[in-house]
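Please open the structure in a viewer and keep its sequence at hand. The stops below say what to select next and what is found there.

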Amino acid sequence: MNREEADAPLPLAQAGAHMQPVHAASKDGGSTQLGDWDKREAVVQMEASTTSGADLELTVLGSGSCYPSPWRGAACLALRVLSSYWLFDVGEGSQVQLQRCSVKPSRIDRIFVTHAHGDHCFGLPGLLCLIARGREEEQLPPLQVYGPQGLRTFLRVALRFSGTRLVPKYIVHELVDIPYLHHNKALPELPASPPVARHSAYGEQPGGRSISPDADGTWTLFDEAFGDSGRGGEGRISVRAAPVVHTARTVGYAVTEADKPGRLNPEAVLPLLEANRDALREEWGVRDPRSLLKRIKALGAGERLELPDGSVIRSEEALGEGRTGRKLVILGDCSDASAVHAIGE
C-alpha cells in the first residue's frame, strides 16, 4: 500500500450488499480477521444479495497498530445506519480522518469503545470537540457513548483538565464486570482513582447506565426500532457485546438487523384496490385506495385482507420473500474471540 492509499479512508460495504466478514491480507498471502493483533491492509469480501434491509455502509477510518503512524490512522470504524453514523473505537487522529471522508461529524450519534488502550480511545476527547458545533446548531439529542467501566471518568478528567467546554451533550453507558481473560500477562494493579463528579458545563448529561452482563456473560446495549416506515426503511437493530482475550478488559460488538418482511408487489395489489375504489370510499370511508398499502405491508404470514367486492389480498401474494437481517461483528485487538460466537452466530 503506498502512502496515498494508506492515507485515504476505505469504504468497505455499500447499501444493498450483503456484508461478509472483513479480513486483512497478510504478507504471506494468507488472511486473518481484521481486529487481530497485526492489522494489515483491509480487504472486504462482498457478494450481491437481495436480502438487504437497512441502509448500511462501513468505512475504515483507521486500522493501524498501537504505534502512531503518519501513514495510517489508529483504530476507528464508521458504520452508517440510514442517515446516522456509529463509530467503533476512536484512536488518536480519528478526527483528522473524519474530515477527509464523507462521514458528517454532526451525524455521529453513537460511539462504541472496545477497550481502554490509547490507540482505541485517545482520539475521543478531540472528536467530541470536532462534532460539537454541528450537533448544537442542529439541536440534536445527546451523543450516546458506550464502553468499558472507567470510560466515564476518563472523559470527565480529560475534558476538565484541558478546560474543554466546546463539546456536544453526551451520555456515557459503561459495561460493567468485563472479565480479564488473558492468561499469560497479568493485568497491572493500579490504585483506585478518586471519583470525579459529572458537570454539565463539560457536556456530560444525566442518564448514563451501568450495563450488567446477561446470564450468558454477554451485554445487551440496546434493541431499538429505527428508520421511516413511510419510506420502507422501518425495522429493528440491536447491539450486543461479548468479552475477548487481550491485555486489557476488552469486548467485541455485534450489530444485528432484525429480519424484515418481503417488499410489497404493487402489480398484485393495485388492480384490486382500484377495482374497489368506489366501495372503499362508501363502505370503509377510504378516499384513496393507496392509503391501504401500509396496512397490506403489515400483514403477517398467512394473513389476508378481504375487500368489499369479496376479493382477497393474501400476504404471500402481496409481499415478496422475507428479507434476512444482516449482522456485523466488530472486534478490536484480541488473541481469542471465541466468546463472541454467542452473539455473532
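**Confidence**

The protein has a mean pLDDT of 81, and 81% of its residues reach 70 or more; pLDDT is the predictor's confidence in each residue, from 0 to 100. The model is predicted, with local features needing pLDDT of at least 70, side-chain atom pairs counting only at pLDDT 80 or more, and totals for chains, interfaces and linings using all residues. Residues are numbered from 1 along each chain as its sequence is written, and side-chain values use heavy atoms, without hydrogens and water.

Select residues 1–7, where pLDDT stays under 50. Next, select residues 13–54, where the pLDDT is also below 50. Where pLDDT is low, the predicted coordinates should not be read in detail.

**The sheet**

Now display the open sheet, whose four strands follow the order E12-E13-E14-E17 with antiparallel pairing. Strands are DSSP runs (E, at least two residues) numbered from the N terminus, and two of them pair if DSSP finds at least two bridges between them. At the edges, strand E12 (219–226) and strand E17 (327–330) each pair on one side only.

Select strand E13 (residues 235–244) and strand E14 (residues 250–257), which are joined by eight bridges in the antiparallel sense. Here Arg 240 stands opposite Ala 254 in E14.

**The lining of a cavity**

Which helix gives the most residues to the lining of the largest cavity? Select helix H5 (residues 151–161), which gives four; a helix is a DSSP run of H or I, at least four residues long. A cavity is a set of points on a 1 Å grid over the protein atoms alone where a 1.4 Å probe fits but cannot get out, and lining residues have an atom within 4 Å of a point. Among the lining residues are Leu 155, Tyr 170 and His 199.

Definitions and conventions. Contact = heavy atoms within 4.5 Å. 1 Å grid on protein atoms, 1.4 Å probe; cavity = no way out; pocket = protein on both sides within 12 Å on 5 of 7 lines; lining within 4 Å.
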